[in-house]
Amino acid sequence: MVFSSLLFMFRFLPVVLVLYFAAPRKVRNLILFVFSLFFYAWGEPRYVFLMLFSITMDYTMGRLISKFKEQGELKKAKFALAFSVTVNLGILAFFKYADFIIGSINGGLGVSLPMPGVPLPIGISFFTFQTMSYTVDVYRGATKVQRNWINYGTYVSMFPQLIAGPIVQYKTIAEQMMQKNRESVDDFAYGVQRFIAGVGKKVLLANNIGVLCDTVMAMPMENVPVATAWLGAAAYTFQIYFDFSGYSDMAIGLGKMFGFHFLENFEHPYVAKSITEFWRRWHISLSSWFREYVYIPLGGNRRGMAKQVRNIFVVWMLTGIWHGASWNYVLWGLYYGCFLILEKFVIGKWVKKLPGIFQNLYTLLIVVFGWVIFKCEDLTLCGSYLKAMFGGYGAGMFNTETIYLLYNYAVLLVILVLGCTTLPKRWGERLLTCFREGGAVQMVLRCTFCAGIFVISVAYLVDATYNPFLYFRF
């Protein structure tokens, strides 16, 4: 079940909201927990038991870590933490990477070891990282232990962020889990607006430009002109941003409706003027997680340049692997690791001296090439596509099909370019300042805009057959 579906918006969500707000406050977490499990079970019921095991195991380890620390038994506390991390990583490795590891061994050694062929539990990378961050933070003393199993289960399984993040660290919402009056009318209203904005991004922008991307990717690469190849790469660059940031907007909006304040996950990444800045703006929760739980514990930048370079490579190799069990993700992670190291130690000072527009173009070029690597799980296809982008097949700069695609997608491409910037937000705010703050006209304009986006999105979904979500597989 995806957020941008009629089933979710007109059946599941209304039922949850009615029951949640009709119930006494003391049982609202329980209601959210039960419906979150149902939401997860909709796709694969048997994996609910995997999630319940993960919840119970990390809840128990958190209690033990807290108990041992209070008793001054730090070795036992450290053992409990190690057990939690090992089990979590073991679960992730088995379900997500077992086939990849065994397949690589088979290919490298010429053997035929049987592969488990176990289906990937949806969202396992997200909720596993959340549960690990909880036990680590309890050990560090960064958050208090949660002594209520229902409350902890609600945190892990909460459907707004369960499937595709943002990765919510327990310490950022610990107080909200316990607040009796966390919900408010203002938060609910903002949540609805944010959810609708996310639906519009996903349904009207990401889905439509995704058709262009798939069209180009399906062409024989030897016949693809340079302009068409670049058009397909640009289409995927837009698709993945509006798809994932739209889903994050929906998650943050849903959280607000239930009184939870999730941290932002995107901050206009395509206006960045360096790769370093890009990764401060893209998938912020993942970057923050790796920085806090891997990069800094490894020593960060405190132990000399050589170890800092090592730490950056380790973090970005793991970042690539986190995204999927395929060599293109490893390559993608190392690709960014190389550019981050180059910026830090070699080219960063020269990049900063460039005019702003050239800094942005430099960043976008690297990002677009990175998305080609990310998109093509088959490295042969990846190489062929990059070759087509540079005219390696001699198919020319463009052809009639290139012109046809540009003609059909020109308006959408302009909207996408503007949507990647802060201009729409600034224009909207400037329009609203023409009217009294909090007045009736402002309210009518906001409601009309949101209603229009929602109605158009629903109309599109009624007949749509193309409604993928790119990050479900992660």
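Trainee: At what angle do α3 and helix α6 (residues 149–157) pack?

Mentor: α3 and α6 pack at an angle of about 125 degrees, and their axes are 10 Å apart. That makes α3 oblique to α6. Angles under 35 degrees count as roughly parallel, over 145 as roughly antiparallel, 65 to 115 as roughly perpendicular, and the rest as oblique. The axes are lines fitted to C-alpha atoms, for helices over the stretch in contact, and angles run from 0 to 180 degrees between N-to-C directions.

Trainee: Before we continue, what kind of model is this?

Mentor: This is a predicted model, in which local features need pLDDT of at least 70 and side-chain atom pairs count only at pLDDT 80 or more, while totals for chains, interfaces and linings use all residues. Residues are numbered from 1 along each chain as its sequence is written, and side-chain values use heavy atoms, with hydrogens and water left out. Helices (H or I, at least four residues) and strands (E, at least two) are DSSP runs, numbered from the N terminus.

Trainee: Back to α3 and α6: left-handed or right-handed crossing?

Mentor: α3 passes α6 in a right-handed crossing. A crossing is left-handed if the near helix is turned anticlockwise from the far one by less than a right angle, and right-handed if clockwise. On the α3 side the contact (heavy atoms within 4.5 Å) is made by M51, L52, I55, T56, D58 and Y59, and on the α6 side by W149, Y152, G153, V156 and S157. By class, this contact has seven nonpolar, three polar and one charged residues. Ala, Val, Leu, Ile, Met, Phe, Trp, Tyr, Cys and Pro count as nonpolar, Asp, Glu, Lys and Arg as charged, and the others, Gly among them, as polar.

Trainee: And how do the axes of α6 and helix α8 (residues 170–178) cross, at what angle?

Mentor: They cross at roughly 130 degrees and come within 11 Å. That makes α6 oblique to α8, and the crossing is right-handed. N151, T154 and Y155 of α6 meet Y170, I173, M177 and M178 of α8. This contact has five nonpolar, two polar and no charged residues.

Trainee: What about helix α3 (residues 47–70) and helix α4 (residues 74–109)?

Mentor: Their axes come within 7 Å and cross at roughly 165 degrees. That makes α3 roughly antiparallel to α4, and the crossing is left-handed. Among the residues that make the contact are F53, M57, M61 and F68 of α3, together with A80, F83, V87 and F95 of α4. By class, the contact of α3 with α4 has 16 nonpolar, three polar and three charged residues.

Trainee: What does F258 touch?

Mentor: Not counting residues up to four places away in sequence, F258 touches L13, V16, L17, Y20, L32, F159, R182 and E183.

Trainee: Where is H268, and what is its phi?

Mentor: H268 is in the loop between α10 and α11 (275–281), and it has a positive phi of about 50 degrees although it is not a glycine. H268 is buried, at 17% relative accessible area. H283, in the loop between α11 and α12 (284–295), has a positive phi of about 45 degrees and is not a glycine either. H283 is buried, with a relative accessible area of 1%.

Trainee: What is N265 in contact with?

Mentor: Leaving aside its neighbours within four places in sequence, N265 is in contact with P166, F244, S248, I252, R281, W282, H283, I284 and S285. N265 is in the loop between α10 and α11, and it is buried at 0% relative accessible area.

Trainee: Lastly, T363: buried or exposed?

Mentor: T363 is buried, with a relative accessible area of 2%. T363 lies in helix α15 (residues 356–375). Its contacts, neighbours within four places in sequence left aside, are A272, K273, S274, I275 and F278.

Conventions:
Buried means under 20% relative accessible area, exposed over 50%, partly exposed in between (1.4 Å probe, protein chains only).
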